[in-house]
Amino acid sequence: MASLIACPHCGPRPKEEFTVRGDAGITRPAPDAGEDAWHAYVYLRDNPRGRHKEHWHHTSGCRRWLVVERDTMTHTIHAVSDASAEGATA
Amino acid sequence: MADFALLHRPALAGAKAGSFGAPSTGARITLTALPEGHVLQVLAARDSDHLQDLIPRIGDGSPHAVRPYGPGQWFVIGDAALSAAEIFGKTPLLDGMASISDQGHGRIRIGISGRAVETVLAKGTAVDLDRASFPVGRSAMTLIGHISALITRTGAESFELLVLRGFAESLWDELIQMSLEFGVDARATQ
Ligand SMILES: [Zn+2]
């Protein structure tokens, strides 16, 4: 796991200051989307090798939700942005 | 009507006090329990950085009274205790663009100073505290060890830490440990 995350608000911080929520690419289904769609949304996740976007919460810093794009194989951080900047509300 | 009186006891009243560690290195650390005056948490919408100039209105005008720690988030701090009515009376000063929450019961201030103060704090946090990147007046919310705290530089060799009340004595004890190699004078009385 990458160890230094460059928070856009706080600067570089160790991963211990963050809480990882998981995949930032999934979208909340409509309330009546049906059991399969909701099962997939709640339980099913890909396990990608390579670039991956996740929601990270800067719990012990600015308390903002961020989108961290990292490489699951090399631990390289490609980009960090405030989640609200992308309109991500899932 | 209360059946019994609630007594306010300073969080660090019973904390370890005295001189510890190396006898004299010329870089001694001083730890001070600061007055439990007022701690106001101010929250606004995320695109509220323009409110920066508005927030000092609710402060007491002292240096470092306003401490930003994230988008639309500030702590406003002072030595004087404020009544609920006095705090409520400050709300109109923010023109309805931010809310105030009294955290005076919940957070404690610790002063730490001395020539080696950056070295001591660097044992606990990854924030770059060098004066060039962390000038007087700058604040950062971070972890010191496993304890969350707001660090504010108040001078060339002095910082203030704002920590949750229940963690104050743990942090105090850890700061003494972290300072032993330089020698440390801990003043828990207020
Ligand atoms: Zn942050």
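The predictor assigns the complex an ipTM of 0.87 and a pTM of 0.90. Chain B contains 3 helices and 11 strands, and 7 strands form an open sheet in that chain. The zinc ion is held by four protein donors, namely Cys7(A), Cys10(A), His58(A) and Cys62(A).

**Conventions and confidence**

- Residues are numbered from 1 along each chain as its sequence is written, while chains are lettered from A and ligands numbered from 1 in the order in which they are written.
- Because the model is predicted, local features need pLDDT of at least 70 and side-chain atom pairs count only at pLDDT 80 or more, whereas totals for chains, interfaces and linings use all residues; side-chain values use heavy atoms, with hydrogens and water left out.
- Chain B has a mean pLDDT of 93, and 98% of its residues reach 70 or more; pLDDT is the predictor's confidence in each residue, from 0 to 100.
- Where pLDDT is low, the predicted coordinates should not be read in detail.

**Overall fold of chain B**

- Along the sequence, chain B follows the pattern β-β-β-β-β-α-β-β-α-β-β-β-α-β; helices (H or I, at least four residues) and strands (E, at least two) are DSSP runs, numbered from the N terminus.
- The radius of gyration of chain B is 17 Å, close to the 16 Å that the globule rule gives for 190 residues, so the chain is as compact as a globular protein of that length. The radius is taken over C-alpha atoms, and the rule is 2.2 Å times the number of residues to the power 0.38.
- Taken along the principal axes, the C-alpha atoms of chain B fill a box of roughly 55 × 50 × 25 Å.
- Of the 190 residues of chain B, 48% count as buried; buried means under 20% relative accessible area, exposed over 50%, and partly exposed in between (1.4 Å probe, protein chains only).

**The sheet of chain B**

- The strands of the open sheet are ordered S1-S11-S2-S7-S10-S9-S8, with mixed pairing. Its edge strands are S1 (18–20) and S8 (139–144) of chain B, each of which pairs on one side only.
- Neighbouring strands of this sheet are turned by 25° against each other on average, direction ignored; the axes are lines fitted to C-alpha atoms, for helices over the stretch in contact, and angles run from 0 to 180 degrees between N-to-C directions.
- Two strands pair if DSSP finds at least two bridges between them.
- S1(B) and S11(B) run antiparallel and are joined by 3 bridges; here Gly18(B) has Ala186(B) as its bridge partner.
- S2 (residues 29–33) and S11 (residues 184–187) of chain B pair in the parallel sense over 4 bridges. Leu31(B) stands opposite Ala186(B), and Thr30(B) stands opposite Asp185(B).
- Thr30(B), in strand S2 of chain B, counts as buried at 18% relative accessibility.

**Strand S10 and its neighbours**

- In strand S10 (residues 158–164) of chain B, 6 of the 7 residues are buried, so this strand is largely enclosed by the rest of the structure.
- S7 (residues 107–113) of chain B pairs with S10(B) in the antiparallel sense over 7 bridges, and Gly111(B) has Glu160(B) as its bridge partner.
- S9 (residues 147–155) of chain B also pairs with S10(B) in the antiparallel sense, over 6 bridges. Arg153(B) stands opposite Phe159(B) there, and S9(B) and S10(B) form a hairpin with 2 residues between them.

**The zinc site in chain A**

- The donor atoms are SG of Cys7(A), SG of Cys10(A), ND1 of His58(A) and SG of Cys62(A), lying 2.0 to 2.4 Å from the zinc ion. Donors are N, O and S atoms within 2.8 Å of the metal (3.2 Å for Na, K and Ca); water is not among the atoms, so sites may look incomplete.
- In sequence the donor residues are spaced C-x2-C-x47-H-x3-C.
- The site is tetrahedral, with angles of 104 to 114° among its 4 donor atoms; four donors count as tetrahedral if all angles lie between 85 and 135 degrees.
- His58(A) is buried, with a relative accessible area of 0%, and Cys62(A) also counts as buried at 0% relative accessibility.

Conventions. Four donors count as tetrahedral if all angles lie between 85 and 135 degrees; four count as square planar and six as octahedral if opposite donors are over 155 degrees apart and all others between 65 and 115; anything else is irregular.
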